[in-house]
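Good morning. I will go through one structure today, pockets and side-chain pairs included.

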Amino acid sequence: MCKIFSKSVETGIFPLEWKHAKVLPPFKKDDKTDPNNYRPISILPVIAKVFERIICNQLYKYLVQNKLLTKLQSGFPSLHSTITAMLDATNEWYVNFDQGKTNAVAFLDLTKAFDTVSHDILISKLELLGISGVTLNWFKSYLSERKQCCVVKESTSQARYITCGVPQGSILGPLLFLIYINDLPGCLSYSTARMYADDTSITVFSKSTIAHARN
């Protein structure tokens, strides 16, 4: 395994056999004839996940050491949780209240966010973060030529290529998604974004006090 992992890193090629996933769609609720009521779960090779864990740890260490991840993301980083995001947001709201200002908050929940990631945009963002050469080629290989088939009881669908999104059920997928939306807070000039994975709240407050606004 060590030799295979090392060869993959040296050549920038992720083994093709590890890119095939089986999708199990357990039923969630309501109408069984509606495909939206099933939650797809991807089953990937165990050895691929072991390799991904090594790469994920190294990539995350690189991002943290170089302070490349936004501090406004509470999803997946160590010592962060939904509570972290909630406390940070409510603290800002209370400070604004104390100063007589008004808060306006928009809550965003992207539908199937992990499945809509553009591979080209993700690769360009990895490159902007300083990842290049063979390492960048490895991530291109990791994302490309992926297939999945759906398994329901004894029936298996025809395998289809995946042209976008980070691999469901993977170890690297969540971190790659964080990189994909990492620059969102920097795009906002008059508001503050706080994120927990794909769940985002955007806060803006009035520049004038409530008392002044009433006058």
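**Pockets, salt bridges and a sheet**

I start with the second largest pocket, which holds about 310 Å³ of space. What we have here is a predicted model, so to speak of local features we need pLDDT of at least 70, and side-chain atom pairs count only at pLDDT 80 or more, while totals for chains, interfaces and linings use all residues. Residues are numbered from 1 along each chain as its sequence is written, and side-chain values use heavy atoms, with hydrogens and water left out.

A word on the term. On a 1 Å grid over the protein atoms alone, a pocket is an open set of points where a 1.4 Å probe fits, with protein on both sides within 12 Å along at least five of seven lines; lining residues have an atom within 4 Å of a point. A volume is the space filled by probe spheres set on the points, which are joined across faces, edges and corners.

The second largest pocket has 14 lining residues, and Tyr60, Val64, Leu69, Thr70 and Lys71 lie nearest its centre. Helix α2, residues 46-65, gives the most to this lining, with 3 residues. Helices (H or I, at least four residues) and strands (E, at least two) are DSSP runs, numbered from the N terminus. By class, the lining of the second largest pocket has 7 nonpolar, 5 polar and 2 charged residues. Here Ala, Val, Leu, Ile, Met, Phe, Trp, Tyr, Cys and Pro count as nonpolar, Asp, Glu, Lys and Arg as charged, and the others, Gly among them, as polar.

Now the largest pocket, with about 790 Å³ of space. Its lining has 30 residues, and the closest to the centre are Arg39, Pro40, Lys112, Asp115 and Gln168. Elements giving two or more residues to that lining are β1 (20-24), β2 (41-43) and β4 (146-152). Which of them gives the most to the lining? That is β4, with 5 residues. The lining of the largest pocket divides into 16 nonpolar, 6 polar and 8 charged residues.

Next, salt bridges. Side chains of opposite charge can pair when their charged atoms come close. The rule asks for a side-chain nitrogen of Lys or Arg within 4 Å of a carboxyl oxygen of Asp or Glu, and the count comes to 3.

Arg194 meets Asp88 at 2.8 Å, N to O. Arg194 is in strand β7 (residues 192-196) and Asp88 in helix α3 (residues 82-98), 106 residues apart. Arg194 also meets Glu92, at 2.7 Å; Glu92 is in helix α3 too, 102 residues from Arg194.

Arg194 counts as buried because its relative accessibility is 7%, and Glu92 is buried at 14%. Asp88, at 33%, is partly exposed.

The other salt bridge joins Lys125 and Asp183, with the closest N and O atoms 3.1 Å apart. Lys125 lies in helix α4 (residues 119-128) and Asp183 in the loop between α6 (173-180) and β7, so the pair ties together parts 58 residues apart in sequence.

Last, β7 belongs to an open sheet of 3 strands, in the order β3-β8-β7, with antiparallel pairing. Two strands pair if DSSP finds at least two bridges between them. β7 and β8 (residues 199-205) pair over 5 bridges.

Note on methods:
Buried means under 20% relative accessible area, exposed over 50%, partly exposed in between (1.4 Å probe, protein chains only).
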